[in-house]
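Here are some notes to read alongside the model, written for someone who is new to looking at structures. Please keep the sequence and the 3D view open while you go through the points.

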Amino acid sequence: MNAIEPKPQRWTAFANDYGMVLVLLFLIAAFSVLTLERQSSTGADAGHVVARNIIATHGTSGTVVVVAGLKPPDEAFLREATDALKAAGVTVAATIGGKPADARRTIEHVLQEGHSIDAIAATGDAANWSIYDRIESVGSDKCVSAAPTLWPTFAKSENVLNVANQTAIYAIIAIGMTMVIITAGIDLSVGSLVALSAVATAVFIRDTGAGTETGVGLMIVGCCVGMGVCALAGIFNGAMITRLGIPPFIATLAMMLMARGLARRLSDELSIQALPASFTWIGGAATFGIPNPVILMVVLYAVAHFVMSRTVFGRYVYAVGGNAEAARLSGVPVKRVTVVVYTLCGALAGLGGIVQSSKLGSGDPKLGLMFELDVIAAVVVGGTSLMGGEGRIFGTLIGAFIIAVIKNGMNLMKVGAPEQQIVLGAVVLLAVLVDTLKRRGTAH
Amino acid sequence: MVNTVDTAPLLKMSGIEKSFPGVQALSDVSLKLHRGEVLALMGENGAGKSTLIKTLGGAHQPDAGTIEIDGKRVDLSSPMAAIEAGIGVIYQEFNLIPALSAWENIFLGREQSGLLVARSDERSRAAALFERLGVQVPLDVPSRQLSIAQQQLVEIAKALSQDVRILVMDEPSAALTPLEVEKLFGIIRELRSQGIGIIYISHRLDEIFDIADTITVLRDGRYVGDAPASEMTRRLLIEMMVGRSIENEFPKQAAEIGDARLVVTGLCRGAAVRDVSLEVRRGEVLGLTGLVGAGRTELVRLIFGADTWDSGQITLDGQRLNINSPRDAIRAGICLLTEDRKTQGLVLCRSVRENFGLPNVKHLSVFGVMQQRQERGAFAGYVDSLTIRIPHQEQLAKNLSGGNQQKVVLAKWLQLNAEVLIFDEPTRGIDVGAKHEIYQLMNELTAQGKSIIMISSELPEVIGMSDRILVMHEGRITGEITDVASTTQENIIELAINS
Ligand SMILES: Nc1ncnc2c1ncn2[C@@H]1O[C@H](COP(=O)(O)OP(=O)(O)OP(=O)(O)O)[C@@H](O)[C@H]1O
Ligand SMILES: [Mg+2]
């Protein structure tokens, strides 16, 4: 035996470790190319450009109306263009965000009041409306809009943030699922726990607080109740598995049914809407332009990565999954570790439920249906072996994003839902196949 | 030896190369085996013995080199191809299906149609095989319930049941006691007289001189030399294997023996362990021996809390211990190196470093956070002192050679710094050089006042290293030898079989 290289890393080892990252980057690149199209010019930058152009061609003495549609970036366009024009001393007779009919009505109104319109500052989409030619004394030639840019719809910042925001909840739950699967277990109850947590939190806030007026303190207590209930469910799962020897699949299947039933009973099958603004802030708002669930996800992943790779607990989790008997004979409290893992998984599912209901502004017993499958898919695609003992927290994050990117990309390309399901199924199969081949490669 | 000179050898391997990521396991290895010859393949742990025979068994594809049988080149692209070429291999690590019974495993893949008649026929053929081996193995229990030695016997029976022309045995005796080894040798001699060529791997030198016709030595994946066994001396062989000479194979230095430390009274568990009492003193190595199935392993598992006992009492330094799990035992300062490293000693899919740290997390962590640098440092010390061959500490445990795996298990328990160390077959599959290191470590431990219980089936080792020997039979202690210096292997065997 001679060491050929000082470092173990060859390209195969590299592909093993980072293959999933490469797949994700490839998908991002592919969807970027496939969705490359002329972007109608809207948003703050376009507003600024249009204002500048108008001032350059018409001077600052004219009268202008600003027109845009109803999409979120249109709002920024309106604000930016209006502010810039006004700051330069241009008269802005009207700022219109709406449908073509609204624009027409407002423009006609402006004309009736005796203004003459020198220019129309419009977004790319609004400039294409046919209304202008139908109004006397204006024409589409009065429209000024910024030149359209060539940019992938997929890579637009709203889309990217949107994908991240939607993935966050699955990714958060997948942390617990990764730990469970590393112990060679499975947790089918997470989807139901999402609903249970959402309902328990909402009911608590409704019944003990003042509905939408509930204070922050009580709201936080409510969230703790929601997560606590789910953690208890996790303890119950763990106890069934370790004390009674029930296979994880069965124990958590039972919990999946029971928790869903409990959520429906607690909520009387109704969606509970009366929630305070502080609650909807968690999942609905953004900090520094980044949606709060995404921030929460990033923080949780950093913590989970540390726990799994650097702490005694992480070491124990891998050992339990890799060889429970050898772990026990090395002094690892196998049962306790298992119970803690299921408890964490339950609590994180509970947190996922809070984020989800906060995003939607309601505690609904139908939340989280089939989440367990998406979450397990993310873990498996992320390279964690169902045989236990192997897997990485960040792999799961990558896995969750691979699935989200495929879904989003297909949406943008207008692939139908049934086809999407077929593709996702194939992706999961492929991931397991890669795992199996890897295993065969290292056997003997 | 039926050696026909003028015809081509039965098996000729030439220029075999094989590398794994970061490891050149074999470079330019050649080997010749004749009909009716027993060839002993020797070398240190990690020398490449198992890798070589895996290329013969079709489990690994060599990177370069040729294999000829009867002068004709063969392509052993799969285990099936090897079986068809008449090659039977008993691997070092077993390949039994845990849920299947002994006889089902023996005929796995070669079942006659699923008719009941055929099945009962297979069962009785398995029984006949075991009879021929002169051993008793429960036929119908799932093989996961069999002891290591019994599993080994099933593997041997399995290879015998195939019509082989070349039989390869990778450390078949590692888990067997002298009596079973003697039976195995009887079989080997019979096969040899039928003209079957046999490759035999073992780290027990006595056996080699007993059974081998020729000896081939590998070191660091290279061919070092070969010679007829009759022209080889023990000393020369060790030097060829290790690259240096070892003066005294059992460098026992008796420590000062003090008061009793671990005292076990009236320990019982079903029929496996019956009313066992024993004590180990400060600075003492207590040898525990007996036949396979005598209850030695069962006994120490009870002491370690791996199984629950029916009745009995254990005290350490006069303090009564309440041990309900291995965790409790480890806390109390007792460790157990288990006999089966693969299923009980290692988490195979994790790195050797992680395996090393597992029982030692308490000392290698601060507020629950592993101190990886400390862990690496500590492990590096053992890598040196036990000459563990690994390309780096992140190597997965499953990629190590058998003996190196054993050394990792040993390292993890030595690091624990326990007061009472129980070693169940500590040198199983370990080469002479490393054995020497381990014996010296045992000397150091006893000099520090620790107590050691050593289970071993290798009688020279038991006699060479123990201060006192207990012999077990059918779950009871049937004999004690206090004057180890003047005892003989025959003495011990007598105590082990009488009831
Ligand atoms: N699958 C593998 N991946 C990486 N390295 C391997 C693999 N299998 C074997 N090796 C390495 O190849 C070398 C030779 O191993 P091999 O098992 O042939 O040794 P051995 O002579 O049988 O030793 P022992 O006496 O301990 O059984 C060792 O260094 C081992 O770590
Ligand atoms: Mg070997």
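**Notes on the sheet, a buried serine and the domains**

1. Strand β11 (residues 260-269) and strand β14 (residues 311-316), both of chain B, run antiparallel and are joined by five bridges. Within this pairing, Val263(B) is found opposite Thr315(B), which belongs to β14(B). Please bear in mind throughout that this is a predicted model.

2. The pair belongs to an open sheet of four strands in chain B, arranged in the order β12-β11-β14-β15 with antiparallel pairing. At the edges of the sheet stand β12 (273-281) and β15 (319-320) of chain B, and because each has a single partner strand, one side of each is left without a neighbour in the sheet. As background, strands of a sheet pair through backbone hydrogen bonds, in either a parallel or an antiparallel way.

3. Helix α9 (residues 296-304) of chain B lies across β11, β12 and β14 of that chain, and runs at about 115 degrees to β11(B).

4. Ser457(B) sits in the loop between β20 (451-455) and α16 (459-465) of chain B. Is Ser457(B) buried or exposed? Its relative accessibility is 1%, and buried means under 20%, so Ser457(B) counts as buried.

5. Leaving aside residues up to four places away in sequence, Ser457(B) touches Leu176(B), Thr177(B), Pro178(B), Arg204(B), Arg296(B) and Glu425(B). With Arg296(B) there is a polar contact between the two side chains, at 3.4 Å.

6. Turning to chain A, the domain assignment gives domain 1 (43-147) and domain 2 (157-443), and the C-alpha centres of these two domains of chain A lie 47 Å apart.

Methods: Residues numbered from 1 in each chain as written. Chains lettered and ligands numbered in written order. Predicted model: local features only at pLDDT ≥ 70, side-chain atom pairs only at ≥ 80, totals over all residues. Heavy atoms only, no water. Pairing = 2+ DSSP bridges. Helix = DSSP H or I, 4+ residues; strand = E, 2+ residues; numbered from the N terminus. Contact = heavy atoms within 4.5 Å. Axes fitted to C-alpha atoms, helices over the stretch in contact; angles between N-to-C directions. Domains from an automatic or database assignment. Buried < 20%, exposed > 50% of the residue type's maximum accessible area, 1.4 Å probe, protein only. Polar contact = N/O pair within 3.5 Å; in protein donor to acceptor, adjacent residues only side chain to side chain.
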